[in-house]
Amino acid sequence: MPTFTALTHLKGREAAEALAEACEDLTPEPVGTGIFEIEDGSERWEVGAYFTEAPDEITLAILAAAYGANPFAISELPEVDWVAHVKRELTPVRAGRFYVHGSHDADDIPEGVEALWIEAAMAFGTGHHNTTKGCLEALDRLATDGFQATRIADIGCGTAVLAMAAARLWPVTVLASDIDPVAVDTAAANVIANGLDGRVECLEAAGFDHPMLEGAAPYDLVLANILKQPLIDLAPDMARHVAPAGRIIMSGILTTQADEVVAAYRKAGFAPDRRDDMGDWTTLVMTRA
């Protein structure tokens, strides 16, 4: 079955959400729509619609003009077995003591590593992105330096790879939350697959807005691999939920955005410990005063 994509971008989240909603009323009807912030400081958002029939180019052009968006770029995707493709492309990742792999590499795990199985079909948070890899390496360094954590939260957990890594380092129950219910279900399945059922608790929540997250505070360690603006918005809540001398590990931050995030967290009472740039992405470790 062919798949067609229609992609555009425009300024402002509200406008992007409105355009994506309008796309849902098209004929032929899209099988899915979505928006994604373009993290380059432009405040522009990408809007995508996905079809199993060729979309109406004239209607899309009218919609784009009505919402002040660039013209839609329409493409037909080749028929690809994406799971098989991902399995070929996503080779295991070594990040400190951690070894992140899919089931296709389960028979070739080196000795002496902390292996984390994230199935290749669940590509977000497999460890291949430099934000996830940077956070895993930061976790490894904390443990190597003798840091001890008894209360840990992973905010915006995705596949829960960071929460599971923390649970392998310290004998505690880690709370892992995400605003997306699909991510929470994925995270819970990964926790079971890695033998960590009962050690990582997966919750649906925005930030710390959940009774279990509130009740477990203050935290010795909080992990947050999300995006620049949600991290900045989270700074006051982070200060309320992290114990004095507690650490935070943050990523999802472009190198050009790191100073802005550091400034927001300094204002909230955190001091920077370490910054690591990997490609275009930054990982920050900070301590609450």
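This is a predicted model: local features need pLDDT of at least 70, side-chain atom pairs count only at pLDDT 80 or more; totals for chains, interfaces and linings use all residues.
**Entry 1: the main core**

I looked up the largest nonpolar core first. I found 38 residues in it. Leu-139, Ile-152, Trp-170, Val-174, Val-200, Leu-221 and Ile-249 have the most contacts inside this core. I then checked which elements supply two or more residues. They are β6 (98–101), α4 (130–144), α5 (161–169), β9 (174–178), α6 (181–193), β10 (200–204) and β11 (219–225). α5 gives the largest share, eight residues. I noted the general background too: in soluble globular proteins, nonpolar side chains tend to be buried together.

**Entry 2: Trp-170**

Which residues does Trp-170 touch, leaving out those up to four places away in sequence? I listed Leu-139, Leu-142, Ala-143, Phe-147, Gln-148, Ala-149, Ile-152, Arg-199 and Leu-221. Leu-139, Ile-152 and Leu-221 are also among the core residues with the most contacts.

**Entry 3: another core**

I found another core lying apart from the largest one. This other core has 29 residues, including Ala-153, Ala-205, Tyr-219 and Ala-258.

**Entry 4: the three-stranded sheet**

I turned to an open sheet with the strand order β5-β6-β7. Its pairing is mixed. From one strand to the next, the twist averages 25°.

I checked the pairing of β6 with β7. These two strands run in the parallel sense over four bridges. Phe-98 has Glu-114 in β7 as its bridge partner. α4 packs on this sheet and touches β5 and β6. The direction of α4 makes about 40° with that of β5.

Methods: Residues are numbered from 1 along each chain as its sequence is written. Side-chain values use heavy atoms; hydrogens and water are left out. A nonpolar core is a set of buried Ala, Val, Leu, Ile, Met, Phe, Trp, Tyr and Cys residues joined through side-chain atoms within 4.5 Å. Buried means under 20% relative accessible area, exposed over 50%, partly exposed in between (1.4 Å probe, protein chains only). Contact means heavy atoms within 4.5 Å. Two strands pair if DSSP finds at least two bridges between them. Axes are lines fitted to C-alpha atoms, for helices over the stretch in contact, and angles run from 0 to 180 degrees between N-to-C directions.
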